[in-house]
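Welcome! Here is a short briefing on a pocket and on some helix packing, written to be read alongside the structure.

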Amino acid sequence: MTFVYVLVSNEKDTYYEQTMISASSLLLRNKDAKVVIIVDQGTAATFTGKRTFHEKISVEIRRIQVPEEYNNRDRSRFLKTTMYNYIDEDFLFIDGDTLVCDNLASVFDESINPMSIGMVLDRHKKISESSYKNFYDLRAKPLNWASGFEDKHFNSGVILVRKSAEAQKFFEEWHKLWKETLEKYSVVYDQTALNEVNARLGGLVKEMDGTWNCQATRRSSFIKYLCNAKIMHYYASFGLTCFDLANKEIQRTVLNEEHKELDAILANPKAAFSAVQDVNADLTSVKIQRTALYRAIAFMYKRLGFAYRIVDKICSIFIH
């Protein structure tokens, strides 16, 4: 069983810590797993001092030379779209901001996942059902791309890859399209490019059960997959979220000798949610959260505190 991570990081971010935590959770529940972490030359140069945690766990570092002119974001996309070339066997790619909750051996069982490339739907919804439909279109249409194929837009956080001519073709086209759009349009929509390639190849990507990439984020139907989740995807790049491990201070503790909060999360990932949660059991609230008005209010709350307080006061007077 081979599992692959892509890591581009420096001392200023917490991508290294996230990946070490995810790999640790994987090895905790999959003792015979082979874990490969693909890094660029810049990341490899930072492996000193505390940033040698990977030497304490059973992982293999594969250093790949990436064009020097790329920034860290583009280096990460370069490695992700070419990772097929660095692995000789079937593998499961996993994003760093994840926790493995169970044994993953069955993911390679062809009776369960009979495909060359497998992924989970983005936010566990078809495009026509998703509140992100306009978002997908906003990124895809200016480039004359498809938002998905047969009403499906896939999330690239977990990717099952079987070594095959079809999978090789997929990665070749994905890298080519990503590189072309980066150079021509300076866009970095690697997931959008992935879904465009899937459309061009007639739907090569097949849908996996949502338990393989349980996406714990807003406007996601992840709760139905939480109980049986194999992998939790908590979206650390979104800032502080409902999942406790999105806290960067907790992430950094993995490099310390003691980390009680982190240990508790690793022991029971499915319970690692904020003590206060609003599930929005009434569908009216859910529908309101999908509107532009709600997003505007959220923006004011985060960025324009004074304007938010004025609007809130006006609303309280109106309701009274």
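Helices here are DSSP runs of H or I with at least four residues, numbered from the N terminus. The model you are looking at is predicted.

- Elements that supply at least two lining residues each include strand 1 (2-7), helix 1 (15-29), helix 3 (72-82) and helix 6 (190-200).
- Sorted by class, the lining holds 14 polar, 12 nonpolar and 10 charged residues.

**Helix 3 against helix 5**
- Helix 3 packs on helix 5 (residues 165-185) at an angle of about 155°, and their axes are 8 Å apart.
- Angles over 145 degrees count as roughly antiparallel, so helix 3 and helix 5 are roughly antiparallel to each other.
- On the helix 3 side the contact involves Asp74, Arg77, Phe78, Lys80, Thr81 and Thr82, while helix 5 brings Phe171, Trp174, His175, Trp178 and Leu182.
- This contact has 5 nonpolar, 3 polar and 3 charged residues.

**Helix 11 against helix 12**
- The axes of helix 11 (residues 292-303) and helix 12 (residues 305-319) come within 6 Å and cross at roughly 130°; the two helices are therefore oblique to each other.
- Helix 11 passes helix 12 in a left-handed crossing.
- Ile297, Met300, Tyr301 and Arg303 of helix 11 meet Gly305, Ala307, Tyr308 and Val311 of helix 12.
- By class, that contact has 6 nonpolar, 1 polar and 1 charged residues.

Note on methods: Residues are numbered from 1 along each chain as its sequence is written. This is a predicted model: local features need pLDDT of at least 70, side-chain atom pairs count only at pLDDT 80 or more; totals for chains, interfaces and linings use all residues. Side-chain values use heavy atoms; hydrogens and water are left out. Ala, Val, Leu, Ile, Met, Phe, Trp, Tyr, Cys and Pro count as nonpolar, Asp, Glu, Lys and Arg as charged, and the others, Gly among them, as polar. Axes are lines fitted to C-alpha atoms, for helices over the stretch in contact, and angles run from 0 to 180 degrees between N-to-C directions. Angles under 35 degrees count as roughly parallel, over 145 as roughly antiparallel, 65 to 115 as roughly perpendicular and the rest as oblique. Contact means heavy atoms within 4.5 Å. A crossing is left-handed if the near helix is turned anticlockwise from the far one by less than a right angle, and right-handed if clockwise.
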